[in-house]
Structure formats: C-alpha cells, structure tokens
Amino acid sequence: MYAVLGALSFYGSSDVQDDIPGIGQYEDFHTIDWQRDIARDRMRHRYIVKKRQDSVWDLIKGSIDAGSGWLCVLLVGIAAGCVAGMVDIGASWMSDLKHGICPPAFWFNREQCCYPAKQSVFEEGNCSTWKTWPEIFGLSRTGTGPYIISYIWYILWALLFASLSASLVRMFAPYACGSGIPEIKTILSGFIIRGYLGKWTLLIKSVGLMLSVSAGLTLGKEGPMVHIASCIGNIFSHLFPKYGRNEAKKREILSAASAAGVSVAFGAPIGGVLFSLEEVSYYFPLKTLWRSFFCALIAAFVLRSLTPFGNEHSVLFFVEYNKPWIFFELIPFVFLGIMGGVIGSFFIKANLWWCRYRKFSKLGQYPVSEVLFVTLVTAIICYPNPFTRMNMNELIFLLVSKCSPGDTNNPLCDYKRMNISTGTGFTEVTEPGPGVYRSIWLLVLTFILKLALTIFTFGIKVPSGLFIPSLLLGAIMGRIVGIGVEQFAYSYPNIWFFTGECADSNLITPGLYAVVGAAAVLGGVTRMTVSLVVIMFELTGGVRYIVPLMAAAMASKWVGDALGRQGIYDAHIALNGYPFLDSKEEFAHTTLAADVMQPKRNETLNVITQDSMTVEDVENLLKETEHNGYPVVVSRENQYLVGFVLRRDLNLAIGNAKRLIEGINSNSIVLFTSTTPTQNLGPQPLKLKKILDMAPITVTDQTPMETVVDMFRKLGLRQTLVTHNGRLLGVITKKDVLRHVKQMDNEDPNTVLFN
C-alpha cells in the first residue's frame with residue numbers, strides 16, 4: 001500500500017511539474033516509459049474529474065479536456081488533406097513541365113490544359129493547347145530534331161528538380177529523406193527522435209517530395225505522406241498540453257495521423273486505419289481506432305474537396321470491371337502471389353545490400369552527387385521507352401484499365417475483334433494485334449529497368465516512397481500474365497474448366513490480373529495482408545474481387561516470410577539500429593533474467609541510499625556514471641529496494657533546489673524518505689521523495705527471459721529491476737533486452753543504437 005501511494009504521489013501530483021520544470025520529459029534518443037506516462041495521465045484525469053464539482057468554469061475546462069483528442073485529430077485530418085492536395089497538384093504540374101507547358105495558363109498541367117478537348121494522356125498529339133518544348137522553340141512536334149530537344153529538356157528538368165530536392169534536404173532538414181515509415185514505427189514504439197516530426201521536416205518533406213516525384217525518379221509519394229501526416233499530428237498535439245507534454249498520449253495522435261497519411265495517399269480511409277493498426281502502431285487502444293477512423297475520414301473528405309485526381313472519384317486508379325472471375329483463375333492469382341513474394345524478397349535483399357554499402361563506404365559522404373547520378377541515369381534510360389517515360393501513376397492506370405471496343409489510345413488494347421458463329425448465335429472473340437505483342441516486350445523491359453532503378457533509388461537522400469514502384473512492378477507482371485491467360489482461353493475455349501464460362505464472350509480481364517499482381521508485389525515488399533487487400537479494393541473500386549486479392553496477398557506473405565522474415569520497413573529499422581522490439585516475433589530461448597541483468601554478479605551496482613548520501617555524493621555518482629536512472633536502496637549494507645529515480649529528474653531537482661532553496665549545499669543530506677533523521681546537525685537536507693518512483697516494476701533473478709521480453713513488449717517498459725529475496729541484484733534495460741535478443745539470434749548486438 002505504501003509503495004502504491006508513493007507512486008501516486010509521484011505520478012499524480014501536478015505540483016511536481018510546477019515545482020520543477022521539465023520533470024517527466026525525455027532526452028533525445030531515449031525510450032519513453034509507457035507505464036509512467038499513462039499513470040501520470042490517469043492521475044491528471046482524476047484530478048480534473050474531482051475539480052469538476054467545484055465550479056462551472058472547472059466543469060467547462062473538464063469538458064474541453066475530454067473533447068481535446070477529437071478536436072486534435074479533426075485539425076490533423078484537415079491539415080493532412082490540404083497538404084496532400086498541394087503535393088499532388090504541385091507534383092503533377094512539375095512532372096508535366098518536363099514535357100512541355102500550357103501557354104494559355106502556365107499553371108495548368110497537361111490534363112487540365114487538354115481537358116476541354118477530352119484528349120487522353122497517351123495521345124498528346126491531338127491536344128493543340130498543350131505545347132511541347134520543341135514547339136515553344138518554333139519546331140514541329142515530331143521528327144528527329146524535336147525528339148532530341150525534348151530528350152535534353154527532359155534530362156535538364158529532372159536534374160534541376162532532383163538537385164533542388166537533395167539540397168533542401170541536406171541544408172534544412174536531414175530527417176526529411178527516405179520514406180519515414182521505419183522511423184515512425186520506431187517512434188510509435190516509444191523512442192524519442194527530436195526534430196524527426198518537426199515543422200522544418202514537414203515543410204522540406206512536402207516540397208522535396210513534389211520535386212523528387214517530378215524528377216521522374218522511381219519512387220512514390222505515398223510512404224512519405226505517412227511521415228508528413230505524422231509531422232502534422234506532432235505539431236498539432238503541442239496545442240493540447242494533455243498530448244504535447246505526455247509522450248505516451250502523443251502516440252495516440254500520431255497513430256491517427258499515420259492512418260490519415262495513407263488515407264490521403266490512396267484515397268483509402270479504411271485501408272489507412274488498418275495500415276496504422278497492422279503495420280505502424282505499437283499501442284492501439286480502441287479509442288485510438290475510432291479517432292484514426294475519424295481522422296482518416298476527415299482527411300479523405302478534405303482531399304476529395306480539392307480533387308487533385310481530377311476526376312469524379314477520389315481514388316487513384318478507379319476501374320470498372322463488370323465480369324465475374326471464374327474458379328480456375330485462382331491458380332494464376334496464387335501464382336501471381338508466389339511471384340510477388342519472390343520479387344519482394346529479392347528486392348529487400350538487393351536494396352539492403354546497396355544501403356549497407358552506401359552506409360559504410362565513401363558513397364555515403366556524397367549524398368547530393370549520388371542523387372544527381374541516379375537521376376541522370378534514370379532520365380537517360382527512361383525517356384526512349386514510352387512506358388518508362390510516362391508518370392508511374394498513369395502507367396499503373398493504363399495497366400489496370402480494361403479494354404473497350406474502339407480503344408485506340410491504349411497500345412495494350414490493339415485487339416482484332418471478330419464475331420464467330422456458335423450455332424446458337426454469334427459471340428465476340430478478340431485476337432491480339434501487333435501493338436499488344438510490341439507492348440509486352442516494352443513492358444518486360446520496363447519491369448527490369450524499374451526493378452533495378454528502385455533498388456538503387458530507395459534510400460537516397462530525397463523523400464522517397466515505395467508503394468507506387470511496388471504496385472507498378474506487380475501491375476506489369478500481372479498484365480502480362482493476364483494477357484497470357486486470356487490468349488489461352490481464346491485458343492482453347494472448350495477445355496473442361498472453361499466449359500460454359502467462355503461461351504458467351506471473353507471472360508478473362510487482363511486488367512484484373514494487373515490489380516492482383518500489384519497487390520502481390522506490394523505484399524511481398526511490405527508483408528502487409530489485411531490492410532493491403534482493403535487498400536487495393538478501395539484503390540480500384542473492385543469490391544467483388546476481394547477473394548483473388550486475399551489469395552494473392554496470403555501467398556505473397558507466406559512465400560516472402562519463407563525467403564526472409566523481415567519486410568522492407570523492419571529490415572531498414574534493423575539496418576539503422578533503431579531500438580525496436582517487434583511485438584510480432586517470438587522469443588524462443590531459455591535464458592534467465594540473471595543472465596541478462598547489469599551489472600553481472602561479481603561487479604558493483606551503482607545505487608543511491610535513501611537517507612545517507614550528500615548532494616556532493618549524488619553529483620559525483622552522476623558524473624562518474626552514464627546510467628539513465630538509479631535504484632534507491634535502504635543502505636549500502638542492507639540493499640533492500642525503496643524505489644527508482646531517473647537521472648534527468650535528479651539533475652533537474654538538485655539544480656532547482658540549489659537555485660531556489662536557501663541552506664542547500666554540497667554537504668546537505670539527500671532524503672528519499674518522509675522523515676528527517678533526528679541527529680541531523682549539518683545543513684538543511686534536500687527532500688526528493690516527490691521524484692522517486694516507489695512502484696518500479698521488478699522481477700526475480702530466476703524469471704525466464706521469455707517473460708521479461710513479453711513484459712517489455714506489452715507494458716512498454718524502459719527498465720525493470722532484478723531482486724533476490726527482496727534484495728536488489730541488478731537492472732535490465734530495454735537496451736539490454738534488445739542486445740540479448742540479437743545475441744541469441746547470432747547477430748551483432750552492438751548494432752543497436754542508443755544515444
């Protein structure tokens with residue numbers, strides 16, 4: 001009972017924070033103590049509820065406090081939708097700037113410029129209002145000279161955009177590079193990275209993302225949207241002290257913000273909530289689920305109002321297939337899933353090898369030069385092939401769309417249509433023309449180029465996402481398989497598994513295979529399952545194709561896990577050495593707490609006694625050691641545990657006392673008890689019971705490490721104290737647990753980054 005009251009006096013008293021500013025906060029690159037922060041919030045809440053009865057003003061304050069979470073996620077959703085709209089509009093305009101300009105209104109992209117004439121993106125020749133760069137210089141649109149001029153302008157614009165993006169990141173916000181999802185996962189698991197979610201990172205990430213996408217690099221803007229939304233969540237949480245001052249509570253807002261990020265990236269609000277739950281969040285209580293749902297809804301609604309996709313649908317690749325799939329098609333769908341797992345695993349291994357090489361070689365010292373080199377190679381290789389030249393989003397849309405009669409704009413739809421008599425009537429069959437065969441070869445080339453470029457591009461020092469390149473690789477693979485299955489059905493319509501199915505008309509839809517293939521490769525790269533399927537059917541509007549998508553996603557995950565257990569984000573967390581304790585993995589070793597605790601049995605343990613050390617003794621201990629906290633014991637001889645005190649809190653409390661309390665000097669006794677020793681003849685003692693955690697989590701030395709690891713995962717512990725018959729033996733920190741897990745898995749334990 002005494003310990004509990006002591007803990008409450010520490011957690012709950014709002015006067016501790018008023019007395020000593022900064023108590024309860026954390027240093028950079030430190031782990032948060034979930035239990036402590038949640039208990040502090042609970043006590044703060046009880047205090048507000050108790051005060052409600054005092055006056056009407058306290059009642060109003062209590063109501064505002066209760067609704068502040070909803071208000072915060074509302075603001076985050078609105079801001080995320082607005083920023084995403086600006087990024088989409090800016091990126092599409094600058095991407096088209098590489099090809100030409102709209103003289104009547106230079107701020108229009110090609111689609112808006114050609115909108116009155118309703119021309120498609122692929123057939124730019126018909127659009128008279130849009131001018132290519134050769135036309136601006138008075139030449140014709142086609143021919144050798146104009147082609148060379150277009151080629152040169154394409155490369156120059158790409159280099160300009162990429163150099164601007166890399167320079168902004170390097171000068172103003174080094175944290176704005178990459179996708180940001182591995183770091184968001186680490187932060188949500190309770191790690192502090194100051195500045196990673198700051199206002200400069202938000203600004204540079206948004207501008208840099210527009211520039212790097214416009215440069216034509218093989219990257220997407222969807223992953224970085226999660227980082228951008230999390231930055232917005234972090235900034236808005238500081239408007240509400242309940243979230244801004246409490247790191248554990250702040251992570252509830254960040255979970256909702258990451259859901260809004262996926263919602264605006266794909267126009268998939270439910271997929272966003274599931275992505276946050278399945279892939280990113282560490283602690284996801286039910287109220288966070290509701291708030292994430294609300295935040296994603298608001299963000300999608302705001303983005304829909306801005307309509308950056310330019311059509312009546314708020315999704316990225318809306319498709320309308322009205323033909324049902326037949327049972328036989330599950331075989332090619334599962335095959336696509338298997339291939340997705342293989343491609344995903346190959347990509348992860350190759351990208352990790354390259355990132356490791358970059359990290360430990362001289363290449364890492366020249367980030368801007370690397371970006372420019374990758375951009376130059378990408379621009380030179382991609383321009384000649386019409387499929388690699390076009391925007392990746394447009395190419396995916398082309399691959400997933402179905403062919404309708406008279407569709408001349410899409411080279412994948414060059415079919416000869418014939419009516420054949422079946423005895424009972426006529427049925428239409430399609431035979432591929434030369435355009436389809438030429439497109440298949442171009443798509444194979446596109447697949448190889450994009451896979452190679454993505455391996456070298458993901459990880460360079462510009463904002464870069466992985467969703468769109470993965471979807472593109474899968475869509476190419478799926479479309480080619482789809483055309484193959486379609487031609488198989490055309491050549492052998494009377495095989496038993498087609499019997500009756502293909503009699504009326506061609507039932508095979510190659511575009512559906514592209515959707516399933518896209519889901520398979522994205523699943524192979526990220527190892528998502530539930531959220532992936534929901535994002536895919538929200539993305540395409542194809543609800544009746546949930547079963548094929550589920551089959552492919554499951555096959556992709558099984559194959560991917562068999563070839564390598566980590567998805568791309570977990571692999572990058574391990575590469576960067578972030579202290580992330582994965583809650584999905586099992587700890588299967590038989591070690592005990594005594595094997596892991598620090599110090600080992602024959603070494604000395606640094607402790608503070610409850611009533612016999614002076615201020616000078618404590619300050620010397622702080623200077624000589626670097627621990628983040630110290631156990632408090634009864635005495636040196638009698639090491640029974642009293643509580644635990646944090647290094648930061650000790651420093652703040654001693655500095656504050658010396659400054660503000662008269663009579664405190666180096667010889668003052670430091671007391672962690674309520675009573676003052678009777679024979680105290682020296683200077684006034686310093687009472688620090690308020691900063692003592694009197695209910696620290698403890699285990700015995702014989703506790704299995706499996707249980708200890710589970711406690712760290714599920715309770716979000718920062719450290720636990722090891723005792724034997726009530727006497728203190730040592731401490732196990734999160735760092736010790738992570739290093740032990742690495743050691744047991746035969747990996748280098750020194751790769752774990754702390755400070």
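Colleague: Let us begin with Val-56. Is it buried or exposed?
Modeller: Val-56 is exposed, as its relative accessible area is 60%. Please keep in mind that this is a predicted model.

Colleague: Where is Val-56 found?
Modeller: Val-56 belongs to helix H4, which covers residues 56-97.

Colleague: Which residues make the nonpolar surface patch of about 440 Å²?
Modeller: Val-56 contributes to that patch, together with Trp-57, Ile-60 and Ile-64.

Colleague: Now the cysteines. How many disulfides does a search of the whole structure find?
Modeller: The search finds one disulfide. Cys-102 and Cys-113 are joined by it, with an S to S distance of 2.0 Å.

Colleague: Where do Cys-102 and Cys-113 lie in the chain?
Modeller: Cys-102 is in the loop between strand S1 (100-101) and helix H5 (110-113), while Cys-113 is in helix H5 itself. The two are eleven residues apart.

Colleague: Why is the disulfide called right-handed?
Modeller: The torsion about the S-S bond of Cys-102 and Cys-113 is about 80°, and therefore the disulfide is right-handed.

Colleague: And are those two cysteines buried or exposed?
Modeller: Cys-102 is buried at a relative accessible area of 2%, and Cys-113 is buried at 5%. Two further cysteines may interest you: Cys-231 is buried with a relative accessible area of 0%, and Cys-382 counts as buried at 1%.

Colleague: Which side chain does the side chain of Lys-185 make a polar contact with?
Modeller: The partner is the side chain of Asp-570, at 2.8 Å.

Colleague: Changing topic, what is the order of the strands in the open sheet?
Modeller: Three strands form the sheet in the order S5-S7-S8, with mixed pairing. Strand S5 (608-609) and strand S8 (641-646) are at the edges and have a single partner strand each, so one side of each has no neighbour in the sheet.

Colleague: In which sense do S5 and S7 pair?
Modeller: S5 pairs with strand S7 (residues 629-633) in the parallel sense, over two bridges.

Colleague: Which residue in S7 is the bridge partner of Thr-609?
Modeller: In S7, Val-633 is the bridge partner of Thr-609.

Technical notes. Residues are numbered from 1 along each chain as its sequence is written. This is a predicted model: local features need pLDDT of at least 70, side-chain atom pairs count only at pLDDT 80 or more; totals for chains, interfaces and linings use all residues. Side-chain values use heavy atoms; hydrogens and water are left out. A disulfide is a pair of cysteine sulfur atoms within 2.5 Å. Helices (H or I, at least four residues) and strands (E, at least two) are DSSP runs, numbered from the N terminus. Buried means under 20% relative accessible area, exposed over 50%, partly exposed in between (1.4 Å probe, protein chains only). Patches are made of residues with over 30% relative accessible area and no salt bridge: like charges are joined within 9 Å, nonpolar side chains (Val, Leu, Ile, Met, Phe, Trp, Tyr) within 5 Å. Accessible areas come from the Shrake-Rupley method with a 1.4 Å probe; for residues, only the protein chains shown count as cover. A salt bridge is a side-chain nitrogen of Lys or Arg within 4 Å of a carboxyl oxygen of Asp or Glu. Two strands pair if DSSP finds at least two bridges between them. A polar contact is a pair of N or O atoms within 3.5 Å; within protein, one must be able to donate a hydrogen and the other to accept it, and residues adjacent in sequence count only if both atoms are side-chain atoms.
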